[in-house]
Amino acid sequence: MGDKQRILVIGAGGQLGQELVRTLVAVFGEDAVVASDINPEKGMYLPNCHFEPLNIFATERMASVIRKYRIKQIYHLAAILSADGEVDPHASWQVNLDGLLLVLDTAKRMHVEKVFWPSSIAVFGGNTEKKDTRQHTVIQPNTAYGIAKAAGELWCRYYHKRYGLDVRSLRYPGLIGHGCLPSGGTTDYAVDIFHHAVREKDYVCYLNRDTHLPMMYMPDAVNAALKLMQAPQRSISIRTSYNVGAMSFSPEEVYHSIKRFYPNFKIGYRPDGRQEIAKSWPLSVDDTIAREDWDWNPKYDLDFMTEDMLDHLARNGKRSVLV
Ligand SMILES: NC(=O)c1ccc[n+]([C@@H]2O[C@H](COP(=O)([O-])OP(=O)(O)OC[C@H]3O[C@@H](n4cnc5c(N)ncnc54)[C@H](O)[C@@H]3O)[C@@H](O)[C@H]2O)c1
């Protein structure tokens, strides 16, 4: 990608953004990537690329960043996640839906060629089938976050149909990475548990032991976004958001996977409000259409991911921060 084809990542300082930026820099080069976040301090976690502090509600500043760097693609990741969204549902709607509309509108106005925006399995609700949840099914989300994601998917399709904006989207399951600790999500336990294991601390899980949820390891999540963005337009048949699956497990199963390496590791269970959110989500999703359209093919299962997570965290022990 030449210097006239830069990529802007909005909300780059978060769990997904930091990993995505690292990969974009590796693939397209340091000068091709502009990371941005509302929090200017996140710049220190995003080295080797351009960084611009940016709030999605400051649309003129967004336009000037797009102009300055000749941005052709946007990855819009800024969000308030599911558990935090229940604390302030209106703020969740503002950031997750109003914020999306501002990004789509600015992208259209500034002639950005492609936009990536992640949706979530949170669009599904208690009335959706739990196992192998289909692409086209009942969408009745229970959370403020899920409501905004479901509406956002329809707006993405609208901007594509009405204005020709090439917006592409994935319904991510819970994301697990070793890069930074997540917060505010319902699946955060699946990252925290690894940090506890390497520090040889017992873990108390806020979900029940048998709560199965769809999950994905970060390298697969980043690869999915890149593959989707690189697919030819004619291959994209879903303009709301693609189901993408990788693995499905419960807290007890990830605990046993970790115990293979840390036999003294112990887990306890104290479910809180996040159990209710998790209960309304699928156990697994049917991602046949993503596999057919753009060759989606995840690499990591639970045991392979566990090995890789523990290896990285043990080697980077200093970065493992426990709360
Ligand atoms: N983490 C998951 O398990 C998961 C699962 C499904 C979907 N997703 C989606 O993936 C995307 C990224 O998630 P994440 O886990 O990296 O989230 P995160 O909370 O870790 O990061 C979000 C980033 O957005 C920034 N931000 C918040 N408000 C902003 C604003 N007004 N302007 C600019 N930046 C702002 C935050 O400072 C933060 O760095 C989100 O759209 C999320 O809904 C995540």
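The following is a working chat about the predicted model shown above.

Biologist: Which pLDDT limits apply here?
Modeller: This is a predicted model, in which local features need pLDDT of at least 70 and side-chain atom pairs count only at pLDDT 80 or more, while totals for chains, interfaces and linings use all residues. Residues are numbered from 1 along each chain as its sequence is written.

Biologist: Which residues come nearest to the ligand?
Modeller: Gly11, Gly13, Gly14, Ala78 and Tyr172 do, out of 30 residues around the ligand; a residue counts as near if its C-beta atom, placed from the backbone, lies within 6 Å.

Biologist: And which elements give two or more residues to that shell?
Modeller: They are helix H1 (15-28), helix H4 (89-109), strand S5 (114-120) and strand S7 (174-176). Helices (H or I, at least four residues) and strands (E, at least two) are DSSP runs, numbered from the N terminus. H1 provides the largest share, 3 residues.

Biologist: Why does the ligand lie between the domains?
Modeller: Domain 1 (6-175 + 218-243) and domain 2 (176-214 + 247-284 + 300-319) both contribute residues to its shell, so the ligand lies between them. The bounds come from an automatic or database domain assignment.

Biologist: Changing topic, how many helices and strands does the protein chain have?
Modeller: The protein chain has 11 helices and 12 strands.

Biologist: What does the C-alpha trace span?
Modeller: Along its principal axes, the trace of the protein chain spans about 55 × 45 × 40 Å.

Biologist: What percentage of the residues is buried?
Modeller: Of the 323 residues in the protein chain, 48% are buried, that is, 20 or more other C-beta atoms lie within 10 Å of their own, with C-beta atoms placed from the backbone.

Terms used. Buried ≥ 20, exposed ≤ 12 C-beta atoms within 10 Å, placed from the backbone.
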